[in-house]
Amino acid sequence: MLQRVKKKNLYQEIAGQLMKLITNGHFKPGQQMPGERELAARLGVNRTSLREALRVLEMMRIVEKRVGEGVYVRDISRESSLEALVFRFLAEDGLDRDSLRGAGEAIVIVESNIARLAAERAANGDLARLDELLDQMNAGIDDIKTFTALDYDFHMLIGQLAQSPVLFSVVSTMWIIMKRYAAALHCATERRLKCLEGHRRIAAAIMAADGDTACREMECHLNGAVVALITETYERRHAPAWNIPQNNDKE
Ligand SMILES: [Zn+2]
């Protein structure tokens, strides 16, 4: 059943709810959505906000507007955008196992090649910040929040060093998801140490302008994290991994 949207006229809320209805099969691929008037009434929202929400979903290739016909649901397993994945993650506060696996696979492939480009393209002057980040991570090893923020900075810096704006936009979009999962992974001291060690190896390869090694080290670093994440989240049935811990490590 359609749930009435409680917050006032927020198109993001409406878009989130429509997306849920599409991902859970209430509206199926190829199906025509109800008319604007009917849908607005069923959701308890005004038509202007609904129209805005539909425009967002159209941009994310979740629905398509056919002139003179109406709005149709696309097959999101085949056609939706990376932004749609992120939006779903935010709306549902997590990803299902297959989506997480897919996101993990993509980030490993994209970032390992970004590391290769960074090794090939970074100029000497840019590299000081890499060293600085390693020192900061080492100093912040006991603080999960700080450590996670620095982990994110490290990956974004490599993205910038690669000097490939489109790849950078892909990876920074994916990190909206990965950042919250990384916080969960970093709860264990052992994982933070392993993460720092991986970063040291990646940084060394980039500083040595060794693209192959940078690529391999990044692949190894992220593969380890993704496998641990899927195991923690879906195989050991722990508390949801996207709960960002509030306190420092309790181990
Ligand atoms: Zn990392």
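**Notebook: helices and domains of a predicted model**

I read along the sequence and noted the pattern α-α-α-β-β-α-α-α-α-α-α-α-α. I counted 11 helices and 2 strands in the chain; helices (H or I, at least four residues) and strands (E, at least two) are DSSP runs, numbered from the N terminus.

I noted that this is a predicted model, in which local features need pLDDT of at least 70 and side-chain atom pairs count only at pLDDT 80 or more, while totals for chains, interfaces and linings use all residues. Residues are numbered from 1 along each chain as its sequence is written.

I looked up the domains: domain 1 covers 11–82 and domain 2 covers 93–235, with bounds from an automatic or database domain assignment. Their C-alpha centres lie 34 Å apart.

Next I looked at α1 (residues 11–23) and α5, which pack at an angle of about 100° with axes 10 Å apart. Axes are lines fitted to C-alpha atoms, for helices over the stretch in contact, and angles run from 0 to 180 degrees between N-to-C directions. The two helices, α1 and α5, are therefore roughly perpendicular (65 to 115 degrees). On α1 the contact uses Gly 16, Met 19, Lys 20 and Thr 23; on α5 it uses Phe 87, Arg 88, Ala 91 and Glu 92. Contact means C-beta atoms, placed from the backbone, within 7 Å.

Last I turned to α9, residues 165–185, and found a kink of about 40° centred on Ile 176. The bend is the angle between axes fitted to the seven residues ending at a residue and the seven starting there. I listed what covers the buried residues of α9, including α6 (97–121) and α10 (189–207). Buried means 20 or more other C-beta atoms, placed from the backbone, within 10 Å of a residue's own.

Methods
Two residues are in contact if their C-beta atoms, placed from the backbone, lie within 7 Å. Angles under 35 degrees count as roughly parallel, over 145 as roughly antiparallel, 65 to 115 as roughly perpendicular and the rest as oblique.
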